[in-house]
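Good morning, and thank you for coming.

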Amino acid sequence: MNAPGPFPALNESANRDRIVNGLSVDVEDWFQVGAFEDVIERDEWDGLKTRVVDNLERILDLFAEADVRATFFTLGWVARRHPAIIRRIADAGHEIASHGYDHARVTSFDRASFAEDIRKARVILEDCSGRPVTGYRAPSFSIDARVQWAFAELAEQGYAYSSSVAPIAHDHYGWPEAPRFAFYPLPDADLVELPVASAILGGRRVAAGGGGFFRVLPYAFSRWAIRQVNRDEQRPAVFYFHPWEIDPDQPRVPGAPIRSRLRHYTGLEKMAGKLRGLVHEFRWGRMDALARREERRAVELELLLDSEEPAQ
């Protein structure tokens, strides 16, 4: 299938030879995002107009057009209110994975409350999708060196993989000392962590896995970064975005700080077109399949952090 506009599709033989990257959607509504967590209270959510279903339907159409499968890291809160769209996602061949229940950061929990959060979300997601849930992504990539106990809880509850680490320095999240590619966070468990993509620019790690960086920066930057990861490092890139990012008509939040407004609203009108180019230009697949492929290449976190060489 030919990609539209300035995003030329690769020929089929070249496409077959390319690395399969991990494509993911963090399923949350416009009022549940980290940028507004200090402005919109959780007890206000039920009174706000939801837009997530319409946006998910657009995403499903886009993925069907490109014939790609992805993983939808979904809030239990969203699934409980919109079970039909969760089943439709799963029936289309996509993976349903957990994003926790209501987008509380892992750093806000102790282990017991985290255990209850992921258990509650998983029960809802499995009931709605009719499929087992084996993957988890922390809201706002909030697993870092402070809460490594979260990996032990995920392993204890039987999760196969996590994609909860951003191995960069950032004001909102990040674990810059973590490995850039698949690693085993625990020495005695098979749980695999699949960090969101980063690239090396001027000797420094830079975010390259989607979200606001993909919206705000020119498409050429993401093309360069994913090519670096695929061609130069011969590794898959983990990419993510949110349903609200393709919705330029979503409500504006009064009283939000200007930095939050800029972070959330910039580039919304161009996002769908950029995504269409991305899913045609590179090869993509589900995160559970990526975890299985990366098991043999994953490194042990403890050995890396104890070594003299920085994790790359």
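Predicted model: local features only at pLDDT ≥ 70, side-chain atom pairs only at ≥ 80, totals over all residues.

Residues are numbered from 1 along each chain as its sequence is written, and side-chain values use heavy atoms, with hydrogens and water left out.

Let me begin with the salt bridges. Side chains of opposite charge can pair when their charged atoms come close. Here a salt bridge is a side-chain nitrogen of Lys or Arg within 4 Å of a carboxyl oxygen of Asp or Glu. Searching the whole structure gives 21 salt bridges.

One of them joins E37 to R105, with the closest N and O atoms 2.6 Å apart. This pair links distant parts of the chain, 68 residues apart: E37 is in the loop between β1 and α2, and R105 is in the loop between β3 (95-98) and α5 (111-129). Helices (H or I, at least four residues) and strands (E, at least two) are DSSP runs, numbered from the N terminus. R105 is buried, at 16% relative accessibility, and E37 is partly exposed, at 30%. Buried means under 20% relative accessible area, exposed over 50%, and partly exposed in between, with a 1.4 Å probe and protein chains only.

Another salt bridge pairs D102 with R42, the closest N and O atoms being 3.1 Å apart. D102 lies in the loop between β3 and α5 and R42 in the loop between β1 and α2, so this pair ties together parts that are 60 residues apart in sequence.

What does E281 pair with? E281 forms a salt bridge with R227, at 3.1 Å between the closest N and O atoms. E281 belongs to helix α10 (residues 268-281) and R227 to helix α8 (residues 219-232), so parts 54 residues apart in sequence are tied together. E281 is buried, with 5% relative accessibility.

D38, E41, D43 and E44 form a negative patch; patches consist of residues with over 30% relative accessible area and no salt bridge, like charges being joined within 9 Å.

Finally, consider helix α9 (residues 258-265), whose buried residues are S260, H264 and Y265. Viewed down the axis of α9, these fall within an arc of 105 degrees, so they line one face of the helix; the arc is that of the directions from the helix axis to the C-beta atoms. On the other side of α9, I258, R259 and L262 are exposed.

Methods
Patch = residues over 30% accessible without salt bridge, like charges linked within 9 Å, V, L, I, M, F, W, Y side chains within 5 Å. Areas by Shrake-Rupley, 256 points an atom, 1.4 Å probe, with all protein chains shown as cover. Lys, Arg positive; Asp, Glu negative; His and termini not counted. Charge placed at Lys NZ, Arg CZ, Asp CG, Glu CD.
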